[in-house]
Amino acid sequence: MAGLSILQALVPGRLHNVSLQAHAGQMLGLIGPNGSGKSSLLHTMAGLLPSTGQVWLGKQRLEHMPLDDRARRLGLLPQRNQSAWALRVHDVVSLGRLPWHDDNPEAIDWAMRQVGVQAFAEKSVDQLSGGEQARVWLARVLAGCPDVLLADEPMASLDLLYQHQIAQALQAYARQGHTVVVALHDLSLAARYCDQLALMQEGRLEVIGSVHEVLNAQVLSRIYGVDVMVDLAAQPPVVLAR
Ligand SMILES: Nc1ncnc2c1ncn2[C@@H]1O[C@H](COP(=O)(O)OP(=O)(O)OP(=O)(O)O)[C@@H](O)[C@H]1O
């Protein structure tokens, strides 16, 4: 399957000439302080935030792809989600099949199982807790089985069990040959589950590489403005502000 490349993305005040490649089969984590440009980069990758740069899905330029093809091949989970209607959870997840014009029950059941929301299938989504709803929104994107999955802080509101279950599900999705890009603030989770990390600061890509290349205590302390301790040899790895 195709990876995703972004070349010289420039969005005034938000992104400054960002170029990077997300590879099929891998999970790329976007990290960096608040306002560093992670969401802007994800929206640019999804073709939703216009930039002067280029986005390539494999050998195809995203801007030149028909919209329905883009919708099938690229899925975005935004940072904030809400439903204007009190839809059933099953119906919300089914919306993920819209680009395919079908109601594929296997894909919908699979997506709900990945994030553990089968028990809520008949409930109204507005009657769920914040973390439960977050899992439903992710299931909706997974149900579309996109080649490239872009997720903005998918674990932010989840409890300890689901942080790990969702991180594992996203990693497994990448291992099946998909391209997964997640923005996240929990650097210990990033160290444990991501194959590559891209560290952003003030709209620029500061460094991209393996977990060991990017999670450097000195660099992180400078960028986050707080003393950071990094222990990548620990099981699981730990990255925390002191
Ligand atoms: N809709 C918008 N219009 C104009 N500027 C915006 C908009 N959204 C974000 N910005 C600005 O773009 C910059 C990057 O914001 P972005 O949301 O991409 O950062 P982020 O790294 O995702 O932050 P966080 O970790 O807080 O979610 C910030 O300076 C922000 O103020």
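The shell of residues around the ligand divides into no nonpolar, nine polar and two charged. The ligand is surrounded by G13, R14, G32, N34, G35, S36, G37, K38, S39, S40 and Q79, where a residue is near a molecule if its C-beta atom, placed from the backbone, lies within 6 Å of it.

A word on what you are looking at: this is a predicted model, in which local features need pLDDT of at least 70 and side-chain atom pairs count only at pLDDT 80 or more, while totals for chains, interfaces and linings use all residues. Residues are numbered from 1 along each chain as its sequence is written.

**The chain as a whole**

The chain has nine helices and 12 strands; these are DSSP runs, with at least four residues (H or I) for a helix and at least two (E) for a strand, numbered from the N terminus. The radius of gyration is 18 Å, close to the 18 Å of the globule rule for 242 residues, so the chain is as compact as a globular protein of that length. That radius is taken over C-alpha atoms, and the rule is 2.2 Å times the number of residues to the power 0.38. Along the principal axes, the C-alpha atoms fill a box of roughly 50 × 40 × 30 Å. Of the 242 residues, 43% are buried, meaning that 20 or more other C-beta atoms, placed from the backbone, lie within 10 Å of the residue's own.

**An open sheet and its helix**

Four strands form an open sheet in the order 2-1-4-5, with antiparallel pairing. Strand 2 (15–22) and strand 5 (60–61) stand at the edges with a single partner strand each, so one side of each is left without a neighbour in the sheet. Helix 1 (residues 38–45) packs on this sheet, touching strand 1, strand 2 and strand 4 (54–57), and its direction makes about 120° with that of strand 1. Such angles run from 0 to 180 degrees between N-to-C directions, with axes fitted to C-alpha atoms, for helices over the stretch in contact.

In the hairpin of strand 1 and strand 2, with three residues between the strands, G13 takes a positive phi near 80°. G13 is also one of the residues around the ligand.

L41 belongs to helix 1. This residue counts as buried because it has 29 C-beta neighbours inside 10 Å. Leaving out residues up to four places away in sequence, L41 touches L15, V18, L30 and M200; contact here means C-beta atoms, placed from the backbone, within 7 Å.

**Strand pairs**

Strands of a sheet pair through backbone hydrogen bonds, either parallel or antiparallel. Two strands count as paired if DSSP finds at least two bridges between them.

| Strands | Sense | Bridges |
|---|---|---|
| strand 1 (residues 4–11) and strand 2 | antiparallel | five bridges |
| strand 1 and strand 4 | antiparallel | four bridges |
| strand 6 (residues 74–77) and strand 7 | parallel | four bridges |
| strand 7 and strand 8 (residues 179–183) | parallel | five bridges |

**Strand 7**

Five of the five residues of strand 7 (residues 148–152) are buried, so this strand is largely enclosed by the rest of the structure. Both faces are covered, with V148, L150 and D152 buried on one side and L149 and A151 on the other.

Note on methods
Buried ≥ 20, exposed ≤ 12 C-beta atoms within 10 Å, placed from the backbone. Contact = placed C-beta atoms within 7 Å. Nonpolar A, V, L, I, M, F, W, Y, C, P; charged D, E, K, R; others polar.
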